[in-house]
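These are my notebook entries on a single protein model. I set out to record its strand pairing, its aromatic contacts and a few surface details.

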Amino acid sequence: MRGVKYRYVLITGASSGLGAAFAEALAAEGTCLHLAARRQQPMEELAERIRRNCPGAEVAVHVCDLSQEADTERLLAAWQALPPGPTLLINNAGLGDYGDYAGSAWERDRCMVQVNVQAPLRLTHGLLPRLTEQGGGVINLASLAADLPIPDFALYAATKACLASFSEGLRLELRQAGVPVLAVCPGPVHTGFGEVARRAGCTGNTMPLRRWFYTPVHTVVRCSLRALDAGRARCYPSLKVRFAALLLRCMPLWLLRTVLSLRPRRVSSVPSATVSQKS
């Protein structure tokens, strides 16, 4: 077990997947967990499971939709009002939409930018005084996609590139304040996110060997927390993902474009009315 470091852990997208796994991993460390997501019932079930497995654990649930600015501001106000104490912010919530950009629905695109970029930036900005004065850290869930201009996932990859770059710059700004900032860049993870992100009519759009890159959820969480403690800038949670990231960084841009242009594409140009959200 890691030593108790944070009094409060604030997690977005905490109803399932990586958000839930972060909550369960940190519950035994004497922290007070604050979970935020759209879906109340899964969060309540997670909170009850944590209390059962870790007697005395403090867990609070915040129902909010980060694609709506009003909800983001309401969540921020609640977290700013917490009693003093070292705080870890985990910006995990995210939206995905698999399909060609021309066939996307603008409301879906707006929500993706809001959840993947604007909400984590707003929460981080609003909590920075707390983090610098009382101690804390930030984990931003980016993606290996941050290093790739991916056809049929173009906007999603761009939002993750923004979040990863922001994390790198903010980390340098906060170095003297002793506030670590980590960008986590996993490859595909079995959270159900990919299946939900694919639009109706979009099938078979995967690179060969994609399944070889899948990383277990708990591996991502464990590697992320270790990387944060070590003060690292990025976390590629597995040897194969780290190798892929190194290969991508060494590959000339013209070659990367060529490889991505050969990616299998069978997409529908019909906009979907639904939005996929990790929450």
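The entries below go from the basis of the values to the sheet, the rings and the surface.

**Basis.** I worked on a predicted model, in which local features need pLDDT of at least 70 and side-chain atom pairs count only at pLDDT 80 or more, while totals for chains, interfaces and linings use all residues. Residues are numbered from 1 along each chain as its sequence is written, and side-chain values use heavy atoms, with hydrogens and water left out.

**Entry 1: the sheet.** I looked up the strand order and found an open sheet of 7 strands, E3-E2-E1-E4-E6-E7-E8, with parallel pairing. Strands (E, at least two residues) and helices (H or I, at least four) are DSSP runs numbered from the N terminus; two strands pair if DSSP finds at least two bridges between them. Strand E3 (58–63) and strand E8 (234–235) are the edges, each pairing on one side only.

Strand E1 (residues 8–12) and E4 are parallel over 4 bridges, and Tyr8 stands opposite Thr87 in E4. Strand E4 (residues 87–91) in turn pairs with E6 in the parallel sense over 5 bridges, where Thr87 has Gly136 as its bridge partner. On to strand E7 (residues 181–184): E6 pairs with E7 over 4 bridges, again in the parallel sense, and Leu141 stands opposite Val184.

**Entry 2: the cover of E6.** How many residues of E6 are buried? I find that 6 of its 6 residues are buried, where buried means under 20% relative accessible area, exposed over 50% and partly exposed in between (1.4 Å probe, protein chains only). In a regular strand the side chains alternate between the two faces of the sheet. Gly136, Val138 and Asn140 point one way from E6, and Gly137, Ile139 and Leu141 point the other way.

**Entry 3: aromatic pairs.** My search of the whole structure returned 2 aromatic pairs. Rings of Phe, Tyr and Trp (its six-membered ring) pair if their centres lie within 6.5 Å; planes under 30 degrees apart count as stacked, over 60 as edge-to-face and the rest as tilted. The ring centres of Tyr98 and Phe153 lie 5.2 Å apart with the planes at 50 degrees, so I recorded this pair as tilted. It links distant parts of the chain, 55 residues apart: Tyr98 is in the loop between strand E5 (94–96) and helix H4 (106–134), and Phe153 is in the loop between strand E6 (136–141) and helix H5 (154–173).

Phe153 also pairs with Tyr156, and that pair is stacked, at 4.5 Å centre to centre with 25 degrees between the planes.

**Entry 4: a charge over a ring.** The charged end of Arg7 sits over the ring of Tyr8, 5.2 Å from its centre. The criterion is NZ of Lys or CZ of Arg within 6 Å of the ring centre and within 35 degrees of the ring normal.

**Entry 5: helix residues.** Val259 is found in helix H9 (residues 253–261) and is partly exposed, with a relative accessible area of 32%. Thr219 lies in helix H7 (residues 217–229) and counts as buried at 17% relative accessibility. I also noted that Thr219 and Ser238, 19 residues apart in sequence, are 7.6 Å apart in space, C-alpha to C-alpha.
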